[in-house]
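Me: I'd like to talk through the charged pairs and one of the helices here. Could you go through it with me step by step?

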Amino acid sequence: MRSASQPPPANSRADASTAPLLAAMDLLGQRWILRVIWELEPGALGFLELRRRMGNCSSSMLSVRLQRLVEAGVAIKRADKSYELTTAGEELGRALEAVWTWSERWADNLEGDRESEDG
């Protein structure tokens with residue numbers, strides 16, 4: 001996978017003005033990233049509590065995703081070893097509320113897609 005620091009291919013629609021969006025899409029497109037942000041949005045959580053809330057996300061995968069969010073400046077690891085969103089992470093959490101609203105509106109369509117993929 002291309003890293004966010006690499007330029008997009010010459011034949012893509014991307015240019016310098018879209019680089020931040022592409023970097024955000026690369027980050028948010030990683031499995032479990034959005035779920036971690038969602039779980040941390042109400043407030044700080046310790047690793048074990050966060051792991052419990054994440055269902056079938058492995059501890060090792062959760063560690064990798066938390067480290068990535070810390071590196072991206074979206075979350076921080078506090079002195080008590082819990083994780084919380086930074087100001088940037090909180091802003092991202094608020095932005096995801098629009099996706100939540102959209103998903104509620106179109107839930108029937110989305111659930112139908114999931115059933116066809118599973119079946």
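Me: Let's start with Glu71: buried or exposed?
Reply: Glu71 is exposed, with a relative accessible area of 54%. Please keep in mind throughout that this is a predicted model, so each value here is computed from predicted coordinates.

Me: And which side chain does Glu71 meet in a salt bridge?
Reply: The side chain of Glu71 meets that of Arg68 in a salt bridge, at 4.0 Å from N to O. Both residues lie in helix α4, which covers residues 59-71, and because they are 3 residues apart they are separated by about one helical turn. Arg68 itself is partly exposed, with a relative accessible area of 27%.

Me: How many salt bridges does the count come to?
Reply: The count comes to 7 salt bridges. As background, side chains of opposite charge can pair when their charged atoms come close.

Me: Which residues are linked in a network of salt bridges?
Reply: The network links Arg35, Glu39, Glu49, Arg52 and Arg53. One of its pairs is Glu39 with Arg53, whose side chains meet in a salt bridge at 4.0 Å, N to O. Glu39 lies in helix α2 (residues 33-40) and Arg53 in helix α3 (residues 47-53), so this pair ties together parts that are 14 residues apart in sequence.

Me: What about Glu49, which side chain does that one meet?
Reply: The side chain of Glu49 also forms a salt bridge with Arg53, here at 2.8 Å from N to O. Glu49 and Arg53 both sit in helix α3, 4 residues apart, which is about one turn of the helix.

Me: Back to accessibility, where do Glu39, Glu49 and Arg53 fall?
Reply: Glu39 counts as buried, since its relative accessibility is 13% and the cut-off for buried is under 20%. Arg53, with a relative accessible area of 32%, is partly exposed, and Glu49 is also partly exposed, at 26%.

Me: What else does Glu39 touch?
Reply: Leaving aside residues up to four places away in sequence, Glu39 touches Leu45, Leu50, Arg53 and Met54. Its side chain also makes a polar contact with the side chain of Arg35, at 2.8 Å. As for Arg51, which is 12 residues from Glu39 along the chain, the C-alpha atoms of the two are separated by 10.0 Å.

Me: Changing topic to α4, how many residues does it have, and what does it reach from end to end?
Reply: Helix α4 has 13 residues and reaches 18 Å from its first C-alpha to its last, which is close to the 18 Å expected at 1.5 Å a residue.

Me: Which residues of α4 are buried?
Reply: The buried residues of α4 are Leu62, Arg65, Leu66 and Leu69. Seen down the axis of α4, these residues fall within an arc of 100 degrees, so they line one face of the helix. On the other side of α4, Ser60 and Glu71 are exposed.

Me: What do those buried residues pack against?
Reply: The buried residues of α4 pack against helices α1 (19-28), α2 and α3, and also against strands β1 (75-77) and β2 (83-85).

Definitions and conventions: Residues are numbered from 1 along each chain as its sequence is written. This is a predicted model: local features need pLDDT of at least 70, side-chain atom pairs count only at pLDDT 80 or more; totals for chains, interfaces and linings use all residues. Side-chain values use heavy atoms; hydrogens and water are left out. Helices (H or I, at least four residues) and strands (E, at least two) are DSSP runs, numbered from the N terminus. Buried means under 20% relative accessible area, exposed over 50%, partly exposed in between (1.4 Å probe, protein chains only). Contact means heavy atoms within 4.5 Å. A polar contact is a pair of N or O atoms within 3.5 Å; within protein, one must be able to donate a hydrogen and the other to accept it, and residues adjacent in sequence count only if both atoms are side-chain atoms. The expected span of a helix is 1.5 Å times one less than its number of residues. The arc is that of the directions from the helix axis to the C-beta atoms.
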